[in-house]
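Please read it with the model open.

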Amino acid sequence: MKSIKINWMVILFLLYMTALGLLCFLHGDSLPNITGTWFGFRADNVAHAAMFLPFVPLAFLSISIRKTSFLKNMLLLIFVTIVGACTAYATELIQGQLKYRSYELKDFMADCIGLAGGFIFITVCLVIWHSIKKR
């Protein structure tokens, strides 16, 4: 009997995308009211950045191939980040079409800050991993 290998990162990424979709498209009355400031920034924008922070690491780890060159990993990372930005923009466009949500460019910019944080985190991990691998 052949055993089935489960890719837990893919499952985790799909669960994350489900949660992201719910947060982006649920009726506003169903979501907690986020007001005030966090760390000197609008709390809503910090929440958006935090929502998109895991996108790049989870997507990258879901599809990355360990035995590839640093350049190929970086190209994949850039591609995943672009897909994340397109996803963030698409959520804003869809929210603009919903009567109970609105399109806000600042939310998209905050999403991109979260994506950039994930990109930087994975880049640092790749630099460390590839430098250790060369030894």
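1. Accessibility terms come first. Buried means under 20% relative accessible area, exposed means over 50%, and partly exposed lies in between (1.4 Å probe, protein chains only). Tyr89 is partly exposed, because its relative accessible area is 33%.

2. On sources: this is a predicted model, where local features need pLDDT of at least 70, side-chain atom pairs count only at pLDDT 80 or more, and totals for chains, interfaces and linings use all residues. Residues are numbered from 1 along each chain as its sequence is written, and side-chain values use heavy atoms, leaving out hydrogens and water.

3. Rings of Phe, Tyr and Trp (its six-membered ring) pair if their centres lie within 6.5 Å; planes under 30 degrees apart are stacked, over 60 edge-to-face, the rest tilted. The count by this rule is five aromatic pairs. Tyr89 and Tyr103 are edge-to-face, because their planes stand at 90°, with ring centres 6.2 Å apart. This pair links distant parts of the chain, 14 residues apart: Tyr89 sits in helix α4 (residues 70–97), Tyr103 in the loop between α4 and α5 (105–134). Helices are DSSP runs (H or I, at least four residues), numbered from the N terminus.

4. Tyr103 is partly exposed, at 35% relative accessible area. Tyr89 also forms an edge-to-face pair with Phe108, 5.3 Å centre to centre and 75° between the planes. Phe108 counts as buried, because its relative accessibility is 17%.

5. Elsewhere, Phe13, Tyr16 and Phe55 form one aromatic cluster.

Definitions and conventions
Helices (H or I, at least four residues) and strands (E, at least two) are DSSP runs, numbered from the N terminus.
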